[in-house]
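Here is a short briefing to read beside the sequence and the 3D view. Keep both open as you go through the points.

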Amino acid sequence: QGWTYYFTHKVRNAGLGLAFLYMTVLGFDNITWAFALMQCVSEVVLGILVAVSALVGIAGSLAFPPLRKLLGKERAGMVGMGALVSSLSLCVVSVWLPGSPFDPWLVKQNITELLEEGSGMVDQSENSEELCHDGTIDITSVSVLLTGIILARFGLWMADLSITQILQENVEEQKRGVIGGVQNSLNSSLNLLKFGLVLLMPDQHMFGILIILSFTFICLGATSLTSYACSEGKVSCSCARAKTEYSQAKTEEPSEVHI
């Protein structure tokens, strides 16, 4: 009953917009941390970048109250989603920049050779360390990737605060536990999907696919929040306006004609 109530509630699209944000590797979690280390980014630099990203996120949370007062929570959330999508576009671009290891066909070829030779997995950590010490790896791609992730914290925190406030203000007090429970389940499910995809594509040469999939889910989240704002009349949408005009026309009673 909880799931049925959630998916029939008016805040459904806003909640789905938040859940989609959990299906991403574009954050400073263990997955992206390991990928950055393989691209010759030192742990000291990564630690500094994590601190910078936290400051950018705090700036986003501080920018939310005035934007909410000026635009409303729905529009402020859309601004956050727009900033998030724009920043993460850099991550998608980084897939094809110099120094990117993206080459899924190379992974397929290596797996085929291993199966034919029957030699098992090959440890490439020593080769990676030698390349890092020699300075032969181009860090252009990973630099753009990390820049996009850092800048995305600003929009992410704004969108998160906006959707959380929407759920708190538009759900009946007796049903907040139900909506919150289903929302946490959706968030965990999308997070689990991320780890499942990483298990299926663990090689660094396939990390670009994970980046593209993550960006796709972020765009779905932005679209879902926008649809909620349109349904609530907070944003002028042609479809919503046409539906409203049609409903008003249907409710008008025909005038009586006197002869």
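Which residues does glutamine 183 touch, not counting residues up to four places away in sequence? They are Tyr6, Gly15, Leu18, Ala19 and Leu167. The model is a predicted one. Its chain has 11 helices and zero strands.

**Overall make-up**

- The chain has 259 residues, and buried residues make up 38% of them.
- From the N terminus on, the order of elements is α-α-α-α-α-α-α-α-α-α-α.
- Take the contacts between residues at least 6 apart in sequence: 86% of them join residues at least 24 apart.

**Where α2 meets α8**

- Helix α2 covers residues 12–20, and helix α8 covers residues 140–170.
- Their axes come within 10 Å and cross at roughly 145°.
- The crossing of α2 past α8 is left-handed.
- On the α2 side, the contact is made by Ala14, Gly15, Gly17 and Leu18.
- On the α8 side, Asp160, Ile163, Ile166 and Leu167 make the contact.
- By class, these contact residues are five nonpolar, two polar and one charged.

**Residues around this contact**

- Glutamine 183 sits in helix α9, which spans residues 176–200.
- Glutamine 183 has 4% relative accessibility. It counts as buried because that value is under the 20% cut-off.
- Gly15 and Leu18 of α2, along with Leu167 of α8, belong to the α2 contact with α8. Glutamine 183 touches these three residues too.
- Arginine 12 lies in helix α2.
- The relative accessibility of arginine 12 is 31%. That falls between 20% and 50%, so arginine 12 counts as partly exposed.
- Arginine 12 and leucine 167 are 155 residues apart in sequence, yet their C-alpha atoms are 9.1 Å apart in space.
- Setting aside residues up to four places away in sequence, arginine 12 touches Tyr6 and Phe7. Tyr6 is also touched by glutamine 183.

**Two further positions on α8**

- Leucine 146 is part of helix α8.
- Is leucine 146 buried or exposed? It is buried, because its relative accessible area of 6% is under 20%.
- Beyond its neighbours within four places in sequence, leucine 146 is in contact with Phe28, Val41, Leu46 and Leu49.
- Leucine 146 and leucine 90 are 56 residues apart along the chain, and 9.0 Å separates their C-alpha atoms.
- Glutamine 165 is also found in helix α8.
- Outside four places in sequence, glutamine 165 is in contact with Phe64, Arg68 and Lys73.
- Glutamine 165 and glutamate 74 are 91 residues apart in sequence. Their C-alpha atoms are 9.4 Å apart in space.

**The cavity**

- How many cavities of 30 Å³ or more does the structure hold? It holds one.
- The largest cavity contains about 70 Å³ of space.
- It is lined by 13 residues. Closest to its centre are Phe35, Val95, Ser100, Ser141 and Ile211.
- Helices α8 and α10 (207–231) are the elements that give two or more residues to this lining.
- The lining of the largest cavity has eight nonpolar residues, five polar and no charged.

**The second largest pocket**

- About 400 Å³ of space lies in the second largest pocket.
- There are 18 lining residues, and those closest to the centre of the pocket are Leu21, Tyr22, Thr24, Arg153 and Leu156.
- Helices α5 (73–94), α8 and α9 each supply at least two residues of the lining.
- Which element gives the most to the lining of this second largest pocket? Helix α8 does, with five residues.
- The lining of the second largest pocket divides into 11 nonpolar, three polar and four charged residues.

**A backbone point to check**

- Most residues other than glycine have a negative phi.
- Cysteine 40 has a positive phi of about 70°, although it is not a glycine.
- Cysteine 40 is in the loop between α3 (30–38) and α4 (43–71).
- Cysteine 40 counts as partly exposed because its relative accessibility, 25%, lies between 20% and 50%.

How values were computed:
Residues are numbered from 1 along each chain as its sequence is written. This is a predicted model: local features need pLDDT of at least 70, side-chain atom pairs count only at pLDDT 80 or more; totals for chains, interfaces and linings use all residues. Side-chain values use heavy atoms; hydrogens and water are left out. Axes are lines fitted to C-alpha atoms, for helices over the stretch in contact, and angles run from 0 to 180 degrees between N-to-C directions. Helices (H or I, at least four residues) and strands (E, at least two) are DSSP runs, numbered from the N terminus. A crossing is left-handed if the near helix is turned anticlockwise from the far one by less than a right angle, and right-handed if clockwise. Contact means heavy atoms within 4.5 Å. Ala, Val, Leu, Ile, Met, Phe, Trp, Tyr, Cys and Pro count as nonpolar, Asp, Glu, Lys and Arg as charged, and the others, Gly among them, as polar. Buried means under 20% relative accessible area, exposed over 50%, partly exposed in between (1.4 Å probe, protein chains only). On a 1 Å grid over the protein atoms alone, a cavity is a set of points where a 1.4 Å probe fits but cannot get out, and a pocket is an open set with protein on both sides within 12 Å along at least five of seven lines; lining residues have an atom within 4 Å of a point. Grid points are joined across faces, edges and corners, and a volume is the space filled by probe spheres set on the points.
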